[in-house]
Amino acid sequence: MIRCMGLMSGTSVDGVDVAITTISGEPPHVSVRLDHFETVPFSDEVRTRIFRLFKPDVTAAEVSQMNFLLGHVFADAALQAAKSAGVDITNIMFIASHGQTVYHHPVPEEIAGYSVTSTLQIGEASVIAEKTGRPVAADFRVRDMAAGGQGAPLVPFVDALLFAHPDRGRILANIGGIANLTVLPRGASSEQSVAFDTGPGNMIVDGLVSRFTEGRLRYDRDGRMARQGQVLENYLASWLQMPYFSLQPPKSTGRELFGEQMVERWWQDALALGSRAEDVIATATEFTVRTFAGAIRDFILPHHAIDELIVGGGGSYNPAMLDGLRRELPQLTILTQMEATGIPSDAKEAVAFAVLGYETYHRRPGNLPSATGAKRPVVLGKITWD
């Protein structure tokens with residue numbers, strides 16, 4: 001039995017999610033208890049500097065400096081959470097940090113005679129180890145990519161390990177900045193699981209809400225704006241034709257496709273058309289609903305008997321999004337992450353990286369080749385010893 005900590009900052013760039021967990025066993029029988037969870041928000045300056053990294057004119061110096069700055073921010077978040085939980089940091093066996101993704105390019109590109117894919121998560125592990133005095137497992141995605149995978153999604157390994165059911169076919173959804181899903185067939189082993197990114201989650205909605213409210217709001221709380229609007233069907237139709245949605249899984253995507261540049265396109269179009277804020281937010285919400293439901297109808301239901309859709313991530317707190325999924329997928333029982341598993345939606349990814357760190361710490365593979373496309377299972381991450 002090991003007490004460890006998972007750190008995560010996702011595509012929404014809200015702050016550092018910290019999960020203190022107690023984990024025991026080994027695959028296929030691993031037990032996880034969530035002892036404490038909190039989100040330590042980024043300061044406005046740190047958040048602004050992170051978003052600066054997504055601009056095309058960012059410099060290597062800025063990326064380097066932010067790598068170390070976020071190491072300090074993640075370390076302080078870990079120390080704060082330990083204090084809040086009343087846990088002596090020396091009783092944490094290790095810290096597993098996903099870091100902050102600033103670039104993800106899973107499609108091979110020919111460069112200098114090599115077929116190159118790449119991904120970059122920052123938040124220097126050496127700084128975290130130095131400030132906390134604990135070993136740090138980090139940089140999880142690159143090993144899967146080196147083995148021919150897309151480096152994402154990684155959470156499905158944990159989904160399959162913890163949430164597969166002998167009698168019910170399940171889809172576990174994470175609707176964060178990007179939406180992804182894991183298919184857990186009835187009674188199947190993890191090797192039979194399927195997982196992929198479906199496309200946009202909350203990233204476009206959040207970006208547009210921030211623009212329409214001049215930064216007063218960062219997301220559509222309880223789906224209020226979407227519920228007051230009407231979907232702009234003609235505008236939505238063209239976006240639904242994006243090639244990504246017809247690609248066969250495994251596949252992964254990120255901010256490069258569904259991030260700031262797309263938000264800016266929607267914003268400029270809204271200004272040009274004179275569209276109401278509520279209608280644009282309703283349309284962006286429906287964009288997530290239809291692409292997510294469409295992926296299930298096109299790629300999952302023809303091949304698997306599914307009973308339940310379990311929704312986690314920020315989308316699980318958006319009634320407009322949940323209502324849309326129930327409308328589009330009436331044949332499935334739709335539950336939230338908390339209802340179905342007892343783990344809060346906010347905590348899921350931080351818990352997942354604690355589990356992935358647990359596997360790394362024991363030198364066991366932590367990827368799911370059926371999800372990432374890797375040639376074989378590999379041990380993920382790099383450990384910086386205290």
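Rings of Phe, Tyr and Trp (the six-membered ring in the case of Trp) are taken to pair when their centres lie within 6.5 Å, and planes under 30 degrees apart count as stacked, over 60 as edge-to-face and the rest as tilted. The structure is a predicted model, in which local features need pLDDT of at least 70 and side-chain atom pairs count only at pLDDT 80 or more, whereas totals for chains, interfaces and linings use all residues. Residues are numbered from 1 along each chain as its sequence is written, and side-chain values use heavy atoms, with hydrogens and water left out.

The structure contains 14 aromatic pairs. One of these joins Phe-51 and Phe-54 in an edge-to-face arrangement, with 5.7 Å centre to centre and 85° between the planes. Burial is expressed as relative accessible area (buried, under 20%; exposed, over 50%; partly exposed, in between; 1.4 Å probe, protein chains only). Phe-51 is partly exposed at 23%, while Phe-54 is buried at 18%. Phe-94 and Tyr-361 form a stacked pair, 4.9 Å centre to centre and with 20° between the planes. This pair links distant parts of the chain, 267 residues apart: Phe-94 lies in the loop between helix 2 (60-85) and strand 4 (95-111), and Tyr-361 in helix 14. Helices (H or I, at least four residues) and strands (E, at least two) are DSSP runs numbered from the N terminus. Phe-94 is buried, at 1%, and Tyr-361 is partly exposed, at 26%.

A nonpolar core is defined as a set of buried Ala, Val, Leu, Ile, Met, Phe, Trp, Tyr and Cys residues joined through side-chain atoms within 4.5 Å. The largest such core comprises 37 residues, of which Ile-23, Phe-140, Phe-353 and Leu-356 touch the most other members. Strand 1 (2-9), strand 2 (15-26), helix 5 (155-163) and helix 14 each supply at least two residues of this core, and helix 14 gives the most, with 8 residues. Because domain 1 (2-159 + 345-384) and domain 2 (166-306) both contribute residues, this core lies between them; the domain bounds come from an automatic or database domain assignment.

Arg-364 is located in the loop between helix 14 (348-361) and helix 15 (369-372), and is buried at 18% relative accessibility. Beyond its neighbours within four places in sequence, Arg-364 is in contact with Gly-25, Glu-26, Pro-27, Tyr-358, Glu-359 and Val-379, contact meaning heavy atoms within 4.5 Å. Arg-364 and Glu-26 are separated by 338 residues in sequence and by 9.2 Å in space, C-alpha to C-alpha.
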